[in-house]
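Open the model in a viewer and keep the sequence panel beside it. The stops below say what to select next and what is there.

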Amino acid sequence: MNPVKILEVEKITPWLVERLIEVWEKSVKATHLFLSEGEVQEIKKYLPQALNEIAHLIIVENKDSCPVAFMGIEEKKLGMLFITPEERGKGLGKRLIQYGIENYAINELAVNEQNPQAKVFYEHMGFHVYKRTDHDEQGNPYPLLYMKLK
């Protein structure tokens, strides 16, 4: 595995926002197959604001100091977690979740029901579904599964 660093972002720069949007877009296109290209581009417009507003932004950098994964935490809730397709399956998600649990007491998250790989991953990490909605938090017809740490 490439050497990687987990870093807490103290200052969000335009360069970092651009890199994280690239990570997000690659990740979403690989895992959120239920979204059309137009929907991906529409959601992408709101990403800079979401990245700037999240309470705790944690990134993973590769050996070239380029972000390859990130997560956002709000209180004790995982708000977002994205990993580039090239880095999936190498333990980065597990390391990020463990970091979030150890440092921020993450105990809750929401995941798209139409992203079964993510649901299985979070179950493997000890989370279980306690609630389901027919729409996402923006009112779109994407069912969400709300999960808590056992």
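**Stop 1: helix 1**

Select helix 1 and colour Leu16, Val17, Arg19, Leu20, Ile21, Val23, Trp24, Glu25, Ser27, Val28 and Thr31, which are buried. Buried here means under 20% relative accessible area, exposed means over 50%, and partly exposed is in between, with a 1.4 Å probe and protein chains only. Helices (H or I, at least four residues) and strands (E, at least two) are DSSP runs, numbered from the N terminus.

This is a predicted model, in which local features need pLDDT of at least 70, side-chain atom pairs count only at pLDDT 80 or more, and totals for chains, interfaces and linings use all residues. Residues are numbered from 1 along each chain as its sequence is written, and side-chain values use heavy atoms, with hydrogens and water left out.

Helix 1 covers residues 14–31, 18 residues in number, and from first C-alpha to last it reaches 26 Å, close to the 26 Å expected at 1.5 Å a residue. The expected span is 1.5 Å times one less than the number of residues in the helix.

**Stop 2: the whole chain**

The chain has five helices and seven strands, and in sequence order they follow the pattern β-α-α-α-β-β-β-α-β-α-β-β. The radius of gyration is 15 Å, close to the 15 Å that the globule rule gives for 150 residues, so the chain is as compact as a globular protein of that length. That radius is taken over C-alpha atoms, and the globule rule is 2.2 Å times the number of residues to the power 0.38.

Along the principal axes, the C-alpha atoms fill a box of roughly 40 × 35 × 25 Å. Of the 150 residues, 42% count as buried.

**Stop 3**

Select Val9, in the loop between strand 1 (5–8) and helix 1. Setting aside neighbours within four places in sequence, Val9 is in contact with Leu16, Leu57 and Ile59. Of these, Leu16 is one of the buried residues of helix 1. Next, draw a distance from Val9 to His56: the two are 47 residues apart in sequence, and their C-alpha atoms are 7.5 Å apart in space.

**Stop 4**

Is His32, the next selection, buried or exposed? His32 sits in the loop between helix 1 and helix 2 and counts as buried, at 11% relative accessibility. Apart from neighbours within four places in sequence, His32 is in contact with Phe82, Asn112 and Asn115.

**Stop 5: strand 4**

Select Ile83, in strand 4. Ile83 is buried, with a relative accessible area of 11%. Which residues does Ile83 touch, not counting residues up to four places away in sequence? Ile83 touches Val23, Ser27, Val68, Ala69, Arg88, Leu92 and Gly93. Val23 and Ser27 are among the buried residues of helix 1. A line from Ile83 to Met125, 42 residues apart along the chain, gives a C-alpha separation of 16 Å.

Move on to Gly89, in the loop between strand 4 and helix 4. Gly89 counts as exposed, at 87% relative accessibility. Gly89 and Val40 are 49 residues apart in sequence, with 23 Å in space between their C-alpha atoms.

**Stop 6: two positive phi angles**

Select Glu75, in the loop between strand 3 and strand 4. Glu75 is not a glycine, yet has a positive phi of about 55°; this residue is exposed, with a relative accessible area of 70%.

Then go to Ala105, in the loop between helix 4 (92–104) and strand 5 (108–112). Ala105 also has a positive phi of about 55° without being a glycine, and counts as partly exposed at 35% relative accessibility.

**Stop 7: helix 3**

Finish at Gln49, in helix 3. Gln49 counts as partly exposed, at 47% relative accessibility. The C-alpha atoms of Gln49 and Arg19, 30 residues apart along the chain, are separated by 14 Å. Arg19 is among the buried residues of helix 1, where the tour began.

Conventions. Contact = heavy atoms within 4.5 Å.
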